[in-house]
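Please keep the sequence and the model in view while reading.

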Amino acid sequence: MMNIRDYLLINKTKNPNKIKILDLLGFEADISIDTSEYQIENIEESDNLNQQSFDELISNTEEILSTPVQSSIDTYLNTEENMADSSVEPSTDTFNPLKITSQIQKVWSDLESRRKWVFPTLIGVLVLGIISISVSSFVNYRNVQSEIAEDAIIVTSNSNELIDLLPTLIEISTNTFYSKYDVSNASANLQQIESSLIEYRTNLDSRTDILDKNEVINNLNDIFLLVNELDLVITYRILISEILIYSELPVDEENVNIDNLTTELSSIIAQSKVNYSKLPEIMEFNNHKNLVEVALITAEDLHGRYLAALRNNEYEVATSISSAILLNKSTEIRAFENSLADFNQKSINIYNNLADLP
């Protein structure tokens, strides 16, 4: 665009000169310019205009061309914009809602408009989720039950196999023919049976294939009772094996060593009293336990008399007393064997009444 002053100068010139000026400004020379509306004004103002030559007009035009056309255009546009800005009220775009709020409102409007299929879709997804969770829980439950059943089969089989060993363990525990080593092994087997029964009872609560669990529990209690009593008998037998145990009681002058014999008999009494205090309470062995207490008192008295007879060289008296000491021990042994026999019969009866674990 050109300045207003330039526009007025062009309009005040003749048509041929306009064409030349337009040519200099870069416009097409064959453009026809309609100046009819300005002719009256030009005639009226022609007398008042300063007499300017065509050369001066050309020089002004050249000055105009000496400055960049784009700069003049920008200046004019800036001037027009400033004028427009001064007459127009400030824009209210800055007070519009945030774009994110508009987007949320649009999304919500879309959801509301699509509620006919959104709600059914959500309900369908929810139903599918519930079904999948239910199926997964059911499968996990079935797997757990399957594992429990497999474990129960293994535990039950092991427990029944160990229970079948009870007659042998009863025989070892109640027969004096077996050595201390055999008795110790029997005790280890009883511990293994007890551990297996505890595991079986733990799994019993989760067993759904057993209808009458009370009967099974009663059977388990009988087995535990038998195993526990057998273990007590083995403990009792190990302790009693070190009560009033004599190597020999010399009665000849040549074999007697009073000091060594005194120490040995004192040690026997001390060890016997310690073991007696540790004897467990078993109903079938109550008589024997009472007899052991009497035997210890009798043995301690006989030991003193025996040592006194040896010191006094009364070897015949020492021989009689040594026989009494051995008789005191043999009496205790017979009572112990009778107690073992009674317990053996009771244990066999309990075992015969036991049922296999389901």
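The points below treat the core and then the salt bridges. The model is predicted. Its largest nonpolar core holds 61 residues, and a search of the whole structure finds six salt bridges.

**The nonpolar core**
- Within the largest core, Leu166, Leu244 and Tyr306 touch the most other members.
- Two or more residues of this core come from each of the helices H7, H8, H9, H10, H11, H12 and H13.
- Helix H10 supplies the largest share, twelve residues.
- Apart from neighbours within four places in sequence, Leu166 contacts Leu190, Ile193, Leu226, Val227, Leu230, Tyr351 and Leu354.

- Glu284 and Lys346 form a salt bridge through their side chains, with an N to O distance of 3.2 Å.
- Because Glu284 lies in the loop between H11 and H12 and Lys346 in helix H13, the pair ties together parts that are 62 residues apart in sequence.
- Glu284 is buried, at 14% relative accessibility, whereas Lys346 is partly exposed, at 23%.

- In helix H12, Asp301 and Arg305 are four residues apart, about one turn of the helix, and their side chains meet in a salt bridge of 3.5 Å, N to O.
- Asp301 is partly exposed, at 43%, and Arg305 is exposed, at 51%.
- In helix H13, Lys329 and Glu332 are three residues apart; the closest N and O atoms of their salt bridge are 2.8 Å apart.
- Lys329 is buried, at 10% relative accessibility, and Glu332 is also buried, at 2%.

Notes. Residues are numbered from 1 along each chain as its sequence is written. This is a predicted model: local features need pLDDT of at least 70, side-chain atom pairs count only at pLDDT 80 or more; totals for chains, interfaces and linings use all residues. Side-chain values use heavy atoms; hydrogens and water are left out. A nonpolar core is a set of buried Ala, Val, Leu, Ile, Met, Phe, Trp, Tyr and Cys residues joined through side-chain atoms within 4.5 Å. Buried means under 20% relative accessible area, exposed over 50%, partly exposed in between (1.4 Å probe, protein chains only). Contact means heavy atoms within 4.5 Å. A salt bridge is a side-chain nitrogen of Lys or Arg within 4 Å of a carboxyl oxygen of Asp or Glu.
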